[in-house]
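Subject: A structure for you to look through

Hi,

Here is the structure I promised to pass on. Please open it next to this email and click along as you read.

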Amino acid sequence: MPIFCIGSLGVAVSSSLLPLLFWRFIQAFGCSGGHSIGAGVIGDIFELEERGTAIGIFFGAVLLGPALAPLAGGAAAQYFSWRYIHVVLAAWGFLQYLLIYLSLPETSQFLQQELNKSTRSRLVWINPLRCLGSLRSPNLLAITLHGSFALLTDFVLLIPLAHTIGVKYHIMNEALIGACFLPNGLGNLIGAPLAGRLSDITVRKWRKKRQGAWVPEDRLRKTWIGALVLCPLSVAGSGLLTTFVDGPVGLGLNLFCLFSNGVGVDFVLNPINSYTVDLSQSQSAELMAAGSAFRNLVIALGSAIVLPSIQYIGVAYTNGIAALLVWLSYGLLALTIRYGDRMRAAYDIGYTTTPDRGSSR
């Protein structure tokens, strides 16, 4: 978090492109651990059949940020300066750091035992790329690929929004452009706890059906709602609407597509994130970090391609390709649901074999 604060202040005072890019990298580096550490803490605290709901609430708040940021940034750029936003982020990051440091105890039972044994501090070398080795697990690689393409639909809609919806419906005010992101954030906020709750219900239902036997892949069974319906149809629909439907009707339907996409992404990512924590509770933060790193790489590449693609082949075809990637990659998720036990046997990363918190093997 201190690195994030330094990066934010660096962005605020940047006067040219290269320093801006450098400090943006530092800023992103500083806040990159939030997803994985947060999910790991939830895995330490909550039992199996409560974990989906807890992770849903957590990620609902996390995904609300990217939707609110353009509104805040647009308003600041329109009426003040974009630099103020990064100063505020630095102050907020410092406040978060104090709250975490003062009020969040260690939640990992294993680490707490080690801390109790240790009588003095010592330096430990950490390989930041070590966690990526977990993607050798067929289960993790399959769900990460599908989750990456589902999340990509979010960015395919949001990144070029000023050039697609903004141009089509003559929205020039930066604050109003930012407000168009809100339906997606509202969808995230509503969809995440719903998806988490549904995944918990599904786990309980299938455990009861098997007389108490737990199969981790049961949590993924309702991802089809987002993967086959909401994510691909919303992104493809928005592309067609932007191309062919003018006026307030087209704008209203596009905003509904943004909302539906926010819900749909949650119905994919929430069960996937909960499943990742379920797979190996003793390594949940590492596994989440590996999945998050891979998704961020896909998003970075996709974000660089989306605007040139829209300029070259149009928004309808670009969005259609994004929808097709989600439909096709759902096959990997379906295979994981059907053959998850065999896939886990193919490469063992130390999977959790019991549903009880604290039992790792």
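Below is what I found, starting with the whole chain and then moving to single residues.

First, some ground rules. This is a predicted model, so to speak of local features I need pLDDT of at least 70, and side-chain atom pairs count only at pLDDT 80 or more, while totals for chains, interfaces and linings use all residues. Residues are numbered from 1 along each chain as its sequence is written, and side-chain values use heavy atoms, with hydrogens and water left out.

**The whole chain**

The protein chain has 14 helices and zero strands. Helices here are DSSP runs of H or I with at least four residues, strands are runs of E with at least two, and both are numbered from the N terminus. Of the 361 residues, 44% count as buried. Buried means under 20% relative accessible area, exposed means over 50%, and partly exposed is in between (1.4 Å probe, protein chains only).

The accessible surface comes to about 18400 Å², and 70% of that belongs to carbon and sulfur atoms. Those areas come from the Shrake-Rupley method with a 1.4 Å probe; for residues, only the protein chains shown count as cover.

Now for contacts, which means heavy atoms within 4.5 Å. Take the contacts between residues at least 6 apart in sequence: 81% of them join residues at least 24 apart.

**Some buried spots**

Leaving out residues up to four places away in sequence, Ile55 touches Ile42, Asn270, Asn273, Ser274 and Val277. Ala192 is 137 residues away along the chain, yet the C-alpha atoms of Ile55 and Ala192 are separated by 8.1 Å.

Ser274 lies in helix 12 and is also buried, at 0%. With neighbours within four places set aside, Ser274 is in contact with Arg51, Gly52, Ile55 and Arg219.

Thr276 sits in helix 12 too (residues 247-279). It has a relative accessible area of 5%, so Thr276 counts as buried. Beyond the residues up to four places away, Thr276 touches Leu140, Ile143, Leu287 and Met288.

One more from helix 12 is Gly264, buried at 0% relative accessibility. Gly264 touches Gly226, Leu230 and Cys231, again not counting residues up to four places away in sequence. The C-alpha atoms of Gly264 and Thr153 are separated by 9.8 Å, although the two are 111 residues apart along the chain.

**Rings and charges**

How many aromatic pairs does the structure hold? The answer is one. The ring centres of Phe22 and Trp23 are 5.0 Å apart and the planes are at 75 degrees, so the pair is edge-to-face. For the rule: rings of Phe, Tyr and Trp (its six-membered ring) pair if their centres lie within 6.5 Å, and planes under 30 degrees apart count as stacked, over 60 as edge-to-face and the rest as tilted. Phe22 is partly exposed at 45%, and Trp23 is partly exposed at 26%.

Over the face of Trp206 you will find Lys209, at 4.2 Å from the ring centre. Arg221 lies over the face of Trp206 as well, at 3.8 Å from the ring centre. A charge sits over a ring if NZ of Lys or CZ of Arg is within 6 Å of the ring centre and within 35 degrees of the ring normal.

**Two loop residues**

His170 is not a glycine, but has a positive phi of about 60 degrees. His170 is in the loop between helix 8 (165-168) and helix 9 (174-179), and is exposed at 63% relative accessibility.

Gln211 is not a glycine either, and has a positive phi of about 55 degrees. Look for Gln211 in the loop between helix 10 (182-209) and helix 11 (224-244). Is Gln211 buried or exposed? At 72% relative accessibility, Gln211 counts as exposed.
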